Amino acid sequence: MSKSITNNLGSRLSSGRPSGEGRDTPIQFVKGVGPKLGLVFKSRGVETVKDLLFFFPRTYEDRSKLSKISSLTEGVKSSVAVTISSQKQIPIRKLGRSMLEVRCFDDTGELSLKWFYPPRGLEQRLLPGARILVTGKVKNFLNRPEIVHPEMTWGVAADDEQQNELTAASAHMGRIVPVYIEIEEVPTKTLRKVLWETLEKFSESLPEDLPNYLVEKHGFPTASFAIRGLHFPPDSEGFDLASLAEFRTPSHQRLIYEEFLKFEFLMLRRRIHGEKTYAVSFASSGARDRLSALIGMLPFELTEGQKQSLRDILVDLAASHPMNRLIQGDVGSGKTAIALLSAAYVTFQGGQVALMVPTEILAEQHFKNAKHLFQGKLNVALLTGKTSGPVRAELQGRLAAGEPILLIGTHALLEAPVVFSRLSYVLIDEQHRFGVEQRSVLKAKGERVDSKTGKVLSPHSLLLTATPIPRTLALTAFGDLTVSSIRELPPGRSPVTTQVVREKSDKIRAYQHIRKELSAGRQAFFIYPLINESEAEGFTQLKSAVIEAELLAKEVFPEFSIGLLHGQLPSAEKEEVMQKFKRAETQILVSTTVVEVGVDVPNATIMLIEHSERFGLSQLHQLRGRVGRGKHQSYCFLFTGKRTEGTGAQRLEVLETCHDGFQIAEADLEIRGPGEFLGTRQAGGLPFRLANL
Ligand code: ADP
Ligand code: MG
């Protein structure tokens with residue numbers, strides 16, 4: 001690789017987001033992106049124009065040809081230009097409302113359009129004489145072709161000359177059109193419009209990351225042509241549906257090449273860096289003996305997976321280059337014990353260890369566990385946002401003096417005054433909750449120059465996660481990260497009985513079941529996706545934790561006491577609510593997803609998740625792992641609407657039969673794709689969006 005490319009790529013990669021006119025512009029500046037849509041995009045990690053440009057379609061639809069009504073075929077998705085002749089509202093008595101039927105025609109025949117759920121005000125726009133383009137799957141109803149819930153493009157003419165004019169300018173018609181992944185309830189048509197606007201305004205400003213001679217050598221299109229071509233494929237060679245589906249278009253070829261080139265470069269740079277870093281080797285046999293003694297103190301026998309993970313870690317810790325390992329194991333597989341044991345092993349040899357977790361509740365739980373399990377045999381301290389000034393100062397003194405200790409904490413560990421004199425081992429629990437940046441800040445606290453050898457020492461590091469990273473991704477995406485898997489749960493746990501609940505009557509039955517469990521002294525988690533309605537006002541009609549909690553308390557379960565937990569409570573209050581639930585002073589904990597993170601309440605046997613279609617499978621699986629931790633049979637109810645469509649719908653059923661977090665993650669990956677799966681935070685600078693590893 002010539003020096004100039006290395007520099008070129010290097011500066012673009014290291015700054016994370018390459019600079020360039022317009023690319024870093026927040027998406028709110030794109031026409032059609034208001035605050036609501038902005039919020040939805042943000043939840044998917046799409047925040048800038050560049051993120052949007054790389055928000056590629058899930059698939060494509062060929063609408064390059066308009067059909068005539070007379071040639072429509074049942075079952076085939078088609079587009080037709082029509083004029084409206086009449087409309088009528090047909091009451092559906094059972095539902096107490098009406099459906100809308102609109103008749104229309106072209107010069108070859110008549111077509112019906114039907115809406116069982118007509119959007120408000122639609123009938124006023126579909127007046128006789130109006131001309132529209134409609135797209136949808138054709139059905140035959142009483143010998144007349146019809147389209148139910150068609151997609152529509154307005155303000156167009158139905159005659160042929162004007163059609164051409166229209167189609168050239170339209171994002172939705174007369175071409176191969178993109179179909180985007182359904183996010184929240186945003187229709188693909190809206191996304192298409194937004195992408196069209198974005199490309200109109202910003203695609204020219206995309207800088208070229210590939211050096212000229214490579215572009216020429218391979219006959220690649222420019223970056224901006226390539227990206228545009230993936231959203232709105234041009235009517236030119238190589239951009240047919242088959243090539244698009246198989247990632248073979250010139251756009252794909254170029255962008256995939258670019259991704260691999262950047263990846264190789266990152267790997268190379270990492271390797272060069274890795275060869276220069278050393279770590280303290282921990283291999284004392286005395287410490288091993290003390291470790292065995294600790295294992296003997298545990299109230300349980302380690303599972304095979306736990307033992308193997310621990311062995312893997314000990315081998316790595318003995319090396320003089322830093323360990324970089326991930327333990328993945330299902331919720332409840334006992335990763336904490338392994339983390340604590342390996343941490344103890346390092347402190348026995350004089351090292352300082354930091355264990356970072358995403359919440360205070362979890363930090364305290366780990367801290368109590370460490371004290372309780374090892375009864376003073378492990379030197380351990382706790383540091384969170386709640387730690388008082390004097391305690392903190394005292395702790396900082398001990399760290400600076402080099403005391404061998406395991407410090408468990410939250411983000412508070414990252415603050416500047418927390419300085420270790422010999423941090424040798426860094427552990428991060430629930431690693432997907434942290435960004436690349438935060439992980440490296442903590443690691444940097446352990447970097448120092450060895451006074452004897454003059455070598456740069458880095459700490460060993462161990463990541464823990466219950467969201468398994470499929471093998472293909474783990475190997476490549478995280479570079480030289482090695483993985484240990486704990487594939488079994490500790491003995492004596494029975495899988496959580498899981499049911500997807502769609503019908504009202506089944507929901508009532510679920511409530512009855514829950515009441516029985518609660519009366520028998522068990523506890524329940526009720527999970528809701530939002531905190532209050534205003535968060536996405538008018539956009540979706542989601543039940544919110546706050547409103548729902550009140551309703552449940554008053555109407556459905558008046559005889560039980562209910563706690564409410566969400567991310568916007570002050571942390572002291574959160575703690576209080578959680579503790580009350582742990583002590584069984586409340587029977588039901590209504591919560592947003594904050595409980596997702598490792599809390600242990602063995603007496604809870606019910607997990608009810610509202611709007612479960614809005615969660616990823618892995619996330620649902622993790623939530624489900626909050627129950628089934630004690631000796632009683634546990635149940636998980638996945639509530640969802642009757643009419644949910646698309647990928648969200650059937651995938652939920654996977655959870656009814658599958659209890660293996662690894663398989664669930666693979667299913668998730670298949671449905672959502674790697675970018676979506678990893679999330680931008682986790683993918684952190686990874687250049688792959690198109691390339692299939
Ligand atoms: P996770 O992997 O989700 O972090 P935890 O470490 O919180 O799981 O473990 C869940 C529970 O299982 C804890 O109460 C822990 O003490 C217990 N546990 C861990 N290992 C074993 C084992 N080998 N046998 C029985 N119980 C175990
Ligand atoms: Mg855990």
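These legends describe close-up views of a predicted model.

**View 1. The shell around ligand 1.** Ligand 1 is surrounded by 16 residues. Glu301, Gln306, Gly332, Lys335 and Thr336 are the closest of them. By type, the shell splits into six charged, six polar and four nonpolar residues.

**View 2. Polar contacts of ligand 1.** The side chain of Gln306 places an N or O atom 2.8 Å from a nitrogen atom of ligand 1. Thr336 also uses its side chain: a polar atom there lies 2.6 Å from an oxygen atom of the ligand. Ser333 takes part through its backbone, with an N or O atom 3.4 Å from an oxygen atom of ligand 1. On its own, ligand 1 has 570 Å² of accessible area, and the protein covers 82% of it.

**View 3. The pocket that holds ligand 1.** Ligand 1 takes up the space of the second largest pocket. Gln306 and Thr336, seen in the previous view, are among the closest residues here.

**View 4. Cys104.** Is this cysteine buried or exposed? Cys104 has 0% relative accessibility, so it counts as buried. The cut-off for buried is under 20%.

**View 5. Cys658.** Cys658 has 9% relative accessibility. That value is under 20%, so Cys658 counts as buried too. As for disulfides, the structure holds zero.

Technical notes. Residues numbered from 1 in each chain as written. Chains lettered and ligands numbered in written order. Predicted model: local features only at pLDDT ≥ 70, side-chain atom pairs only at ≥ 80, totals over all residues. Heavy atoms only, no water. Near = heavy atom within 4 Å. Polar contact = N/O pair within 3.5 Å; in protein donor to acceptor, adjacent residues only side chain to side chain. Areas by Shrake-Rupley, 256 points an atom, 1.4 Å probe, with all protein chains shown as cover. 1 Å grid on protein atoms, 1.4 Å probe; cavity = no way out; pocket = protein on both sides within 12 Å on 5 of 7 lines; lining within 4 Å. Sits in = over half its atoms within 2 Å of the grid points. Nonpolar A, V, L, I, M, F, W, Y, C, P; charged D, E, K, R; others polar. Disulfide = S-S within 2.5 Å. Buried < 20%, exposed > 50% of the residue type's maximum accessible area, 1.4 Å probe, protein only.
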